[in-house]
Amino acid sequence: MESRPLGRTGADVSVVGLGTWQLGADWGDVDDDAAADVLDAALDAGVTLLDTADVYGDGRSEVRIRQALVARAERPFVATKAGRRADPFEAAQYTPENLRAWIDRSRRNLGVDTLDLVQLHCPPPATYEDDRVYDTLDALVDEGAIAAYGVSVETVAEGLRALQRPGVQSLQVILNIFRRKPLEELLPTAQKAEVGVLARVPLASGLLTGKYDESTTFPADDHRTFNRHGEAFDVGETFAGVPFEVGVAAAREVAAIAGDAPTAAFALRWVIDQPGVTTVIPGARTVEQVRGNVAAATLPPLTESQLSDLERLYDERIRAHVHDRW
């Protein structure tokens, strides 16, 4: 699989990674065997970046990654996230003591002395101006607890603020056919600063697989049920903030534009092709989903006609439903 440099970290990572929120919680039940199969399938297919967080299943995702890597000689790049163990809206909890405790817990969960990458997990707005947060992260790099740090953001404005911090080496941002605003300023700015970009929610929580219709339902413990209107966390995390029925209808048009290509792989290829993107991190609950995602790396770039059709689709079907901050 094609690899790209992850900013200034010195690491090269596969253009298709694996997001492991599904292997922790909030997507319905995934048992230990299924999680192990997903991780093995991804690694065997050439995926060299795994993305996780300390709150995915209260650490379950990190632990499952550690267990999957025990028997492997080659270790992938593992990016985790910290901060959501606090009240996600309370910047005062982002103290040096808490940051160190969260990061030490992830080191134990993942079974490593040095974490490859720690990303602040969609932190409250005030943290972007808090020198203590970034001084602590710099100190943790100096001490060898983490090799690099970045920020996972909800909005372009937050991403641009994060890029003002010289120690930030990666940005994680929602980017997909239905969420295009990062293309305008954020990705070019990150590229100029040599900051890696991890594109998350690339399939709009499954909408862009093209397999849902207006009657599709999800389990009660799936965020696509309990967070559809932002009841639990930012609504942009669920279906990229697009109303479900609108997204289902638009996804049918994406499938038509994709032609013979699988819709999910086509949507992921669109992300991979965007200048400034390092890797795309779709999640997966099954081996079949892993293989479908990885297939995006073998597709040719989208044609000018396809790109034009997708832009028209966005303008006509999606733009009116996307909040200005996205």
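This is a predicted model: local features need pLDDT of at least 70, side-chain atom pairs count only at pLDDT 80 or more; totals for chains, interfaces and linings use all residues.
**Contacts, burial and helix packing**

User: Why does arginine 179 count as buried?

Analyst: Its relative accessibility is 2%, and buried means under 20% relative accessible area (exposed is over 50%, partly exposed in between; 1.4 Å probe, protein chains only). Arginine 179 therefore counts as buried. Its place is in the loop between strand E8 (168-174) and helix H6 (186-192). Helices (H or I, at least four residues) and strands (E, at least two) are DSSP runs, numbered from the N terminus.

User: Which residues does arginine 179 touch?

Analyst: Leaving out residues up to four places away in sequence, arginine 179 touches Glu154, Ile174, Gly236, Ala240, Gly241 and Trp326. Contact means heavy atoms within 4.5 Å.

User: Is asparagine 176 buried or exposed, and how do you know?

Analyst: Asparagine 176 has a relative accessible area of 0%, so it is buried. This residue lies in the loop between E8 and H6. Its side chain reaches the backbone oxygen of valine 201 at 2.8 Å.

User: What makes helix H9 mostly covered?

Analyst: In H9 (residues 263-272), ten of its ten residues are buried. What covers them includes strand E1 (3-5), strand E9 (196-200), helix H8 (244-258), strand E10 (279-280), helix H10 (287-294) and helix H11 (304-318).

User: Why is H1 called oblique to H2?

Analyst: Helix H1 (residues 32-44) and helix H2 (residues 60-69) pack at an angle of about 60°, with their axes 10 Å apart. That makes H1 oblique to H2, because angles under 35 degrees count as roughly parallel, over 145 as roughly antiparallel, 65 to 115 as roughly perpendicular and the rest as oblique. Axes are lines fitted to C-alpha atoms, for helices over the stretch in contact, and angles run from 0 to 180 degrees between N-to-C directions.

User: Why are H8 and H11 called roughly antiparallel?

Analyst: The H8 and H11 axes come within 10 Å and cross at roughly 165°. H8 and H11 are therefore roughly antiparallel to each other. Val246, Ala250, Glu253, Val254, Ile257 and Ala258 in H8 meet Gln306, Asp309, Leu310, Arg312, Leu313, Arg317 and Ile318 in H11.

User: How many residues of each class are in the contact of H8 with H11?

Analyst: That contact has eight nonpolar, one polar and four charged residues. Ala, Val, Leu, Ile, Met, Phe, Trp, Tyr, Cys and Pro count as nonpolar, Asp, Glu, Lys and Arg as charged, and the others, Gly among them, as polar.

User: What does the side chain of glutamate 231 reach?

Analyst: The side chain of glutamate 231 reaches the backbone nitrogen of arginine 228 at 3.3 Å. The backbone nitrogen of histidine 229 lies 2.9 Å from a polar atom of the glutamate 231 side chain.

Terms used: Residues are numbered from 1 along each chain as its sequence is written. Side-chain values use heavy atoms; hydrogens and water are left out. A polar contact is a pair of N or O atoms within 3.5 Å; within protein, one must be able to donate a hydrogen and the other to accept it, and residues adjacent in sequence count only if both atoms are side-chain atoms.
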